[in-house]
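Please work through the fold shown here with me, one question at a time.

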Amino acid sequence: QVQLVESGGGLVQAGGSLRLSCAASGRTFGIYGMGWFRQAPGKEREFVAAISRSGDYKYYTDSVKGRFTISRDNAKNTVYLQMNSLNSEDTAVYLCAAGTGWGWTSINTAKGAYDYWGQGTQVTVSP
């Protein structure tokens, strides 16, 4: 069992930046593949970014490529999402997720590949 707690959300103007953090407690962090998802009001939860257990492999949804960067620090049991050049379409609740049983270099974008979820942190981008 692992508990995930997100932080770093808030209100930012378009073009600004935020850095989200997700702290994990419980078992050894390195056994989890990690991802970020987001959910806007009235919309489905969508994949944003994922990082392998090793930290060497990363994948992003097209709409955030070149603007967002996912990273992890296994020694600190934390995964990050650096978000730059934010726009109003990025407004959503951002959720961190952890998956078990992944290979060392595996990446997963499907919600079903993740076993544990945080409560989310709100990101609001004003025009």
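The questions below concern this predicted model, from its overall make-up to single residues.

Me: What radius of gyration does the protein have, and what would a compact globule have?
Reply: The C-alpha atoms fill a box of roughly 40 × 30 × 25 Å along the principal axes. For 127 residues, a compact globule would have a radius of gyration near 14 Å, and the protein agrees with this at 13 Å.

Me: Which strands stand at the edges of the open sheet of 4 strands, and why is one side of each left without a neighbour?
Reply: The sheet has the order β1-β3-β8-β7, with antiparallel pairing. Each edge strand has a single partner strand, so one of its sides has no neighbour in the sheet. From one strand to the next, the twist averages 15°. The edge strands are β1 (2-7) and β7 (68-73).

Me: Over how many bridges do β3 and β8 pair?
Reply: Strand β3 covers residues 18-26 and strand β8 covers residues 78-83. R19 stands opposite Q82 in β8. The two strands pair in the antiparallel sense, over 6 bridges.

Me: Is L95 buried or exposed?
Reply: L95 lies in strand β9 (residues 92-99). Leaving aside neighbours within four places in sequence, L95 is in contact with residues including E6, W36, F37, R45 and W117. Its relative accessible area is 6%, and the cut-off for buried is under 20%, so L95 is buried.

Me: How far apart in space are L95 and T121, C-alpha to C-alpha?
Reply: L95 and T121 are 26 residues apart in sequence. A23 and A49 are also 26 residues apart in sequence, with 16 Å between their C-alpha atoms. For L95 and T121, the C-alpha to C-alpha distance is 6.6 Å.

Me: Among contacts between residues at least 6 apart in sequence, what share joins residues at least 24 apart?
Reply: Buried residues make up 45% of the 127 residues in the protein. Among the contacts in question, the share joining residues at least 24 apart is 61%.

Technical notes
Residues numbered from 1 in each chain as written. Predicted model: local features only at pLDDT ≥ 70, side-chain atom pairs only at ≥ 80, totals over all residues. Heavy atoms only, no water. Pairing = 2+ DSSP bridges. Axes fitted to C-alpha atoms, helices over the stretch in contact; angles between N-to-C directions. Buried < 20%, exposed > 50% of the residue type's maximum accessible area, 1.4 Å probe, protein only. Contact = heavy atoms within 4.5 Å. Rg over C-alpha atoms; globule rule 2.2 N^0.38 Å.
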